[in-house]
Amino acid sequence: MQSNIRRVLQKGISRRYKHHREIDDTIRATGLTNTHVVRNPSVAEIYEYAMLPQLKESHDRRVRDTVISSTGALVNYSGHLMGRSPKDKRVVYDELSQDQIWWGDVNKPITPHGYDANRARAMDYLNTRPYVFVIDGLASWDPDNRFSVRVFCNRPYHALFMKQMLIRPTPDQIDKEFEDGADFTIINGGEFAADPGNNSVTGETSVAVNLRKGEMAILGTQYAGEMKKGLFGVMHYYMPKRGILSMHASANEGESGDISILFGLSGTGKTTLSADPHRHLLGDDEHCWTDQGIFNIEGGCYAKCIDLSEESEPEIYNAIKFGAILENVAFCKDSRREVDYHNVRLTENTRCAYPLEYIPGAKIPAVGGHPKNIFFLVCDAYGVLPPVAKLNRDQAKYHFISGYTSKVAGTEVGITDPVATFSACYGEAFLPLHPFTYAKMLAEKVEKHNTNVWLVNTGWTGGSFGKGSRMRLSYTRRMIDAIHEGELDNTEYNKFDVFNLDVPTHIEGIPDDVLWPENTWGDKDAFKTQLRKLAEQFQQNFKKYEDETPREVIERGGPTIDF
């Protein structure tokens, strides 16, 4: 009986979506020979494919079945890797990239031959699967700086993820933008492990980018964020070459048209704080700043949903509905697919993805003017930095180059507790060019447009990790609201020791002690020890940039304590 049901379901899908199998010469040219091609299916169609028996259960037996949540979101599991694998990222080393890429720990080389072997393995795998999904999307809301992107994948979950994360083109745009193929192609064979005989890889996982061919090949990881961030790295390569600053940052706009940019690594609050009920969201993660203003690269948002609640983050909570994707979450006990956002048994890096328009009042097209305020969001695991401080021009340059924060649990493979780290430009893992390329552009734009720059600590207060507690989201929101409303334009500031930061003495609705970190610590000596320790780490980290940094930036921008 069950086999008959499967045959009927399979037959219905085949008849209903036969037109999706039509492929053009640009698709055939990639090496795709699979005759079961599903091109640009609707959201509803993807749901139906996701329920097919041969697709519902992943080729990787470590992956659970795809299901639908009580709110209508498609729930998926990415297998044994539930975060990015930056150590497995590679860039092809060839005549184009050899003198342009910032080679080192962030950008590791792979030979053209090694890339071709990975690509062939990924495409061969896709050619053997029951279906291959082809998603055509656009990157950049600015039509003058738009990239066409084509994604090949096997899992319906990956197809829906990229359909929602990219800007969704109209049929006319597909005909126009993809007439000669895509500007960039993602070949996702992530269910299939990399070849251990390929000496260009170090294990079963490989995420490799070929800038000359405009491609990325994925093996050995089903974590959807690899596609999104891989494309972001490519935009980080091309945009500066056009004189455009690419930014790992969220953005929103006030009713008066004032733009705010929020830089920060995953877990610092970029997505949460940009989804402000009093402002219009432009995007939560990837933006560019041109001579005309800013634009979002993406068509969707990708939020951490650990401890998500309707009370604290109603915009994101209510965006998780039909068409949204939930990744690696657990369900409440004895519930009917109700998600338990506090359950971290699988990972702390539980995620949700949804279209930009699912946020009430989102601005579409996602473009705006020049920023009035920039926020550097840091998650300070030491708990010594103030929750908000105004930066002068030298401090803005110093802190942007430093990119101090803490990696939070789950975002990357192997991270289980917050780890203090320095990530240049608040996104070092995605920078194909030297950080000074982006830092110089930011400094010039901040100066030209007289943009205010603020340091906001969303990390610990009252003690370091394990002793103190995370800063209340309501406090951080109130501080940012005060800035947007102009309350801090004429307030009094105290000078914060060692880092020489200007900290407001009072913000309505915030206890004064919270604004001054030392007052929240019971052990004042322990506070001073941790403060000196963090200052020392700043100084040690910045040594690698001293030769390229003006002396006044180091002397007036960073901590002044000597060791």
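The model discussed here is a predicted one, and in it asparagine 328 sits in the loop that runs between strand S17 (325–327) and strand S18 (330–331). The backbone of asparagine 328 has a phi near 65 degrees, which is a positive value in a residue other than glycine.

Tyrosine 426 also has a positive phi, of about 55 degrees, although tyrosine 426 is not a glycine. Tyrosine 426 is placed in the loop between strand S25 (419–422) and helix H12 (435–449), and with a relative accessible area of 0% it is buried.

## A cis peptide bond

The peptide bond that leads from isoleucine 364 to proline 365 is cis, and its omega is near 0 degrees. To find proline 365 in the structure, look in the loop between strand S20 (351–355) and strand S21 (367–368).

## Buried residues and their polar partners

Helix H6, which covers residues 156–165, is mostly covered, with 10 of its 10 residues buried. Among the buried residues of H6 are Tyr157, Leu160, Phe161 and Met165, and the list also includes His158, Lys163 and Gln164.

Tyrosine 125 belongs to helix H5 (residues 112–127) and is buried, since its relative accessible area is 6%. The side chain of tyrosine 125 is joined to the side chain of arginine 129 by a polar contact of 3.3 Å. Between tyrosine 125 and lysine 229, which are 104 residues apart in sequence, the distance in space is 23 Å from C-alpha to C-alpha.

Aspartate 380 lies in the loop between strand S22 (371–378) and strand S23 (388–391). Aspartate 380 is buried yet has no salt bridge, and the nearest side chain of opposite charge, that of arginine 470, is 10 Å away. The side chain of aspartate 380 does, however, reach the backbone nitrogen of tyrosine 382 at 3.0 Å.

## Salt bridges

Side chains of opposite charge can pair when their charged atoms come close. A search of the whole structure finds 23 salt bridges. In one of them glutamate 95 pairs with arginine 212, and the closest N and O atoms are 3.6 Å apart. Glutamate 95 lies in the loop between strand S4 (89–92) and strand S5 (108–110), while arginine 212 lies in the loop between strand S9 (206–210) and strand S10 (215–219), so the pair ties together parts that are 117 residues apart in sequence. Glutamate 95 counts as exposed because its relative accessibility is 57%, whereas arginine 212, with a relative accessible area of 45%, is partly exposed.

Another salt bridge links lysine 495 to aspartate 502, with the closest N and O atoms 2.8 Å apart; aspartate 502 counts as partly exposed, at 26% relative accessibility. A further salt bridge joins glutamate 555 to arginine 551, where the closest N and O atoms are 3.5 Å apart. Both glutamate 555 and arginine 551 lie in helix H16 (residues 551–557), where a separation of 4 residues is about one turn of the helix. Arginine 551 counts as partly exposed, at 47% relative accessibility. Elsewhere, salt bridges that share partners join Lys228, Lys229, Lys270, Asp285, Glu286 and Glu298 into one network.

Asp172, Asp175, Glu179 and Asp180 form a negative surface patch. One of these residues, aspartate 175, is found in helix H7 (residues 171–177), and aspartate 175 counts as exposed because its relative accessibility is 53%, a value over the 50% cut-off.

Asparagine 318 has its place in helix H10 (residues 314–319) and counts as partly exposed, at 42% relative accessibility. A polar atom in the side chain of asparagine 318 lies 2.9 Å from the backbone oxygen of proline 314. The C-alpha atoms of asparagine 318 and histidine 248 are separated by 25 Å, and the two residues are 70 residues apart along the chain.

Notes:
Residues are numbered from 1 along each chain as its sequence is written. This is a predicted model: local features need pLDDT of at least 70, side-chain atom pairs count only at pLDDT 80 or more; totals for chains, interfaces and linings use all residues. Side-chain values use heavy atoms; hydrogens and water are left out. Buried means under 20% relative accessible area, exposed over 50%, partly exposed in between (1.4 Å probe, protein chains only). Helices (H or I, at least four residues) and strands (E, at least two) are DSSP runs, numbered from the N terminus. A polar contact is a pair of N or O atoms within 3.5 Å; within protein, one must be able to donate a hydrogen and the other to accept it, and residues adjacent in sequence count only if both atoms are side-chain atoms. Patches are made of residues with over 30% relative accessible area and no salt bridge: like charges are joined within 9 Å, nonpolar side chains (Val, Leu, Ile, Met, Phe, Trp, Tyr) within 5 Å. Accessible areas come from the Shrake-Rupley method with a 1.4 Å probe; for residues, only the protein chains shown count as cover. A salt bridge is a side-chain nitrogen of Lys or Arg within 4 Å of a carboxyl oxygen of Asp or Glu. Lys and Arg count as positive and Asp and Glu as negative; His and the chain ends are not counted. The place of a charge is taken as NZ of Lys, CZ of Arg, CG of Asp or CD of Glu.
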